[in-house]
Amino acid sequence: MNEFFKKIFGTSSGSVEITLFSVWHILWLVLIFGLTIGAYFLLRNKSEKTKTITLNVLAYLVIGSYILDFFIMPFSQGKIDIDKLPFHICTLTGVFIPFAQFNKKFIPIRNVITCFAIVSSLMYLTYPGSALGGVTPWCYKVVQTFMFHGFVFAWGFLSVALKQVTFNFKEIWKEAVGILILIVWALFGNYAYLGIPDGHHYDWFFITGSTFPFIPSWLMPFVVFVAVYGMCALIYLIDFAIKKIHQKHLAKQAKEQKIGE
């Protein structure tokens, strides 16, 4: 039985491997973005109940794919990968998505979790470091990480596109507070797990400087804050622009209909 699971979930290598912006990487992006946007067009005129059920299912898929991975990792990697503990923005956001979806107490920060879901998944999908090089595009390690981040992106994108969450520039300060909390949380993880196992050094949320050695380590928390907050602001701007364009389109339609009458 053990060998059977290792064969199914093992990390396989071969002549075909996934590299940055290779055809396989691009295919994964097309699949994730295509299915998500396609789901929006299928759901946009459906009932609120149908939209909620869809987001509920995505929330279950996010947390399910994350937790199940810890049970499968011993077969795929021979150990549990500590780096996948929820100290990165994407993994921690994935843990909070079910709370945002099902717990009404999280309504005041649901827009923050939604924004982080979009930003963190886009960051990873653009540069999926843990899934690149030396492995086939269809082995468990690659499939799992793209599926997880794909579910996170789909939940965040559809929450906004289906108007289950509304972004308001007057509340974007919440994202700033959230990023600061993430930095402190990642700082705790980086030092709590320092040297475990075998002297390993972690760089959760990229704040220690080891991932980007060309930037002074003391500056990295500030760089991370500015970069992530800037991306959050960009998401808000895109959402604002789309809403304005849609409002103008509706106003034009109403004007034309009035003239026709």
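Tutor: Let us begin with a definition: on a 1 Å grid over the protein atoms alone, a pocket is an open set of points where a 1.4 Å probe fits, with protein on both sides within 12 Å along at least five of seven lines, and its lining residues have an atom within 4 Å of a point. Grid points are joined across faces, edges and corners, and a volume is the space filled by probe spheres set on the points. The model is predicted, and local features need pLDDT of at least 70, side-chain atom pairs count only at pLDDT 80 or more, while totals for chains, interfaces and linings use all residues. Residues are numbered from 1 along each chain as its sequence is written, and side-chain values use heavy atoms, with hydrogens and water left out.

Student: What is the volume of the second largest pocket?

Tutor: By that definition of volume, the second largest pocket holds about 750 Å³. It is lined by 23 residues, and Tyr-40, Val-160, Ala-161, Asp-239 and Ile-242 are the closest to its centre. Two or more lining residues come from each of α2 (23–43), α5, α6 and α8. Such helices are DSSP runs (H or I, at least four residues), numbered from the N terminus.

Student: Which element gives the most to the lining of the second largest pocket?

Tutor: That element is α8, with 7 residues.

Student: How much space lies in the largest pocket?

Tutor: The largest pocket contains about 1200 Å³. Its lining has 42 residues, and Asp-83, His-88, Tyr-124, Ser-130 and Phe-206 lie nearest its centre. Two or more of the lining residues are given by each of α3 (48–76), α4 (89–102), α5 (110–126), α6 (140–161) and α8 (220–260). Here too α8 gives the most, with 6 residues. By class, this lining has 22 nonpolar, 13 polar and 7 charged residues.

Student: What makes His-149 count as buried or exposed?

Tutor: Buried means under 20% relative accessible area, exposed means over 50%, and partly exposed is in between (1.4 Å probe, protein chains only). His-149, in helix α6, has 5% relative accessibility and therefore counts as buried. Leaving aside residues up to four places away in sequence, His-149 touches Cys-90, Ser-121, Tyr-124 and Leu-125, where contact means heavy atoms within 4.5 Å.

Student: Why is Gln-77 placed in its class of relative accessible area?

Tutor: Gln-77 has a value of 29%, so it is partly exposed. Its place is the loop between α3 and α4.

Student: How do you know what span is expected of α2?

Tutor: The expected span of a helix is 1.5 Å times one less than its number of residues. With 21 residues, α2 reaches 30 Å from its first C-alpha to its last, which is close to the 30 Å expected. Its buried residues are His-25, Trp-28, Leu-29, Ile-32, Thr-36, Ala-39 and Leu-43.

Student: Why are the buried residues of α2 said to line one face?

Tutor: Seen down the helix axis, they fall within an arc of 110°, so they line one face of α2. The arc is that of the directions from the helix axis to the C-beta atoms. In general, an α-helix has 3.6 residues a turn, so residues three or four places apart point the same way. The buried residues of α2 pack against α3, α5 and α6, whereas Val-23, Val-30 and Leu-42 are exposed on the other side.

Student: What makes the phi of Lys-163 worth noting?

Tutor: Most residues other than glycine have a negative phi, and most peptide bonds are trans. Lys-163 is not a glycine, yet its phi is positive, about 65°. It lies in the loop between α6 and α7 and, at 66% relative accessibility, counts as exposed. Phe-205 also has a positive phi, near 65°. Phe-205 is in the loop between α7 and α8, and its 1% relative accessibility makes it buried.

Student: Which peptide bond joins Ile-196 and Pro-197?

Tutor: It is a cis peptide bond, with omega about -10°. Pro-197 is found in the loop between α7 and α8.

Methods: Ala, Val, Leu, Ile, Met, Phe, Trp, Tyr, Cys and Pro count as nonpolar, Asp, Glu, Lys and Arg as charged, and the others, Gly among them, as polar.
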